[in-house]
Amino acid sequence: MGRSLRETVRLVAALNLGYFGVEFAVALGIGSVSLFADSIDFLEDASINFLILAALGWPARNRARLGMALAGILLIPGVATLWTAWQKFLHLAPPAPIPLTLTGLGALCVNLACAFMLANYRDHSGSLTRAAFLSARNDSLANIAIIGAGLLTAATASPWPDLVVGLGIAALNADAAREVFEAARRERAAAEP
């Protein structure tokens with residue numbers, strides 16, 4: 001028998017919070033923009049899932065309001081990434097490629113597991129679970145790019161692959177925020193008499 005939505009969201013939140021600590025420590029240690037952006041995204045995903053857990057029993061109108069707030073939360077990693085990218089641009093130095101690649105691979109495993117767990121529920125409870133699913137899906141794509149950045153950094157000793165991927169992660173988060181906001185807006189309109 002499969003997990004309930006509540007159990008799935010709780011597990012996804014715990015996995016995201018745990019890997020945030022791993023990725024954030026590695027990002028600081030090697031000076032990686034893409035890992036920094038992705039670690040903040042793990043923290044944001046954990047927060048979203050904890051909020052979803054709290055709101056599962058709420059009426060559709062209240063879930064829609066929270067969905068709109070979550071759309072704003074999805075933008076936070078993008079802003080943090082832009083700041084980190086600016087700092088990196090001022091002091092161009094490549095991150096260590098092996099820890100970058102291996103940490104990206106670990107993040108991919110965590111995000112794929114979360115995306116597969118949430119896929120069955122992406123249309124349940126409207127914008128809330130859609131936010132969680134989109135975050136996990138987008139993060140998996142970002143992790144593939146981080147792995148590629150690590151390999152390119154190893155081949156070229158350039159800071160640019162990491163910097164470009166970090167900015168790409170910011171763009172993915174902005175698109176996810178737009179999708180969640182639109183889903184929440186439709187959900188709110190459907191809930192109004």
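Modeller: I begin with a definition: helix axes are lines fitted to C-alpha atoms over the stretch in contact, and the angle between them runs from 0 to 180 degrees between N-to-C directions. The model is a predicted one. In it, helix α1 (residues 5–30) and α2 pack with their axes 7 Å apart, at an angle of about 160°.

Colleague: What makes α1 roughly antiparallel to α2?

Modeller: Angles over 145 degrees count as roughly antiparallel. The angle here is about 160°, and α1 is therefore roughly antiparallel to α2. The crossing in which α1 passes α2 is left-handed.

Colleague: How are the axes of α2 and α4 arranged?

Modeller: The axes of α2 and α4 cross at roughly 160° and come within 9 Å. By the cut-off of 145 degrees, that makes α2 roughly antiparallel to α4. In this pair the crossing is right-handed.

Colleague: Which residues meet where α2 and α4 pack?

Modeller: From α2, the residues are Val33, Phe36, Ala37, Ile40, Asp41 and Glu44. They meet Pro77, Ala80, Thr81, Thr84, Ala85 and Lys88 in α4.

Colleague: How do you know that the span of α4 is close to the expected one?

Modeller: Helix α4 (residues 76–90) has 15 residues, for which 21 Å is expected at 1.5 Å a residue. From its first C-alpha to its last, α4 reaches 22 Å.

Colleague: Why are the buried residues of α4 said to be on the same side?

Modeller: The buried residues of α4 are Pro77, Gly78, Thr81, Thr84, Ala85 and Lys88. They cover an arc of only 125° around the axis, and so they are on the same side of α4. Val79 and Trp83 are exposed on the other side of α4. What covers the buried residues includes α2 (33–55), α3 (60–73) and α7 (160–191).

Colleague: Why is Asn111 called buried?

Modeller: Buried means under 20% relative accessible area. Asn111 has 0%, and is therefore buried. Asn111 lies in helix α5 (residues 97–119). Not counting residues up to four places away in sequence, Asn111 touches Asn16, Phe42, Asp45, Ala136, Asp139, Ser140 and Asn143.

Colleague: What makes Asp139 a buried residue?

Modeller: The relative accessible area of Asp139 is 2%, to be set against the limit of under 20%; Asp139 is therefore buried. Asp139 is found in helix α6. Leaving aside neighbours within four places in sequence, Asp139 is in contact with Asp38, Asp41, Asp45 and Asn111. Its C-alpha atom is separated by 8.3 Å from that of Ala107, 32 residues apart along the chain.

Colleague: Does Leu5 count as buried or exposed, and why?

Modeller: The relative accessibility of Leu5 is 8%. Buried means under 20%, so Leu5 counts as buried. Leu5 is found in helix α1. Leu5 and Leu56 are 51 residues apart in sequence, and 8.8 Å apart in space from C-alpha to C-alpha.

Colleague: Why does Ala157 count as exposed?

Modeller: Exposed means over 50% relative accessible area. Ala157 is at 54%, and therefore counts as exposed. Ala157 is found in the loop between α6 (127–156) and α7.

Colleague: What is the phi of Ala157?

Modeller: Most residues other than glycine have a negative phi. Ala157 is not a glycine, yet has a positive phi of about 55°.

Key:
Residues are numbered from 1 along each chain as its sequence is written. This is a predicted model: local features need pLDDT of at least 70, side-chain atom pairs count only at pLDDT 80 or more; totals for chains, interfaces and linings use all residues. Side-chain values use heavy atoms; hydrogens and water are left out. Helices (H or I, at least four residues) and strands (E, at least two) are DSSP runs, numbered from the N terminus. The expected span of a helix is 1.5 Å times one less than its number of residues. Buried means under 20% relative accessible area, exposed over 50%, partly exposed in between (1.4 Å probe, protein chains only). The arc is that of the directions from the helix axis to the C-beta atoms. Contact means heavy atoms within 4.5 Å. Angles under 35 degrees count as roughly parallel, over 145 as roughly antiparallel, 65 to 115 as roughly perpendicular and the rest as oblique. A crossing is left-handed if the near helix is turned anticlockwise from the far one by less than a right angle, and right-handed if clockwise.
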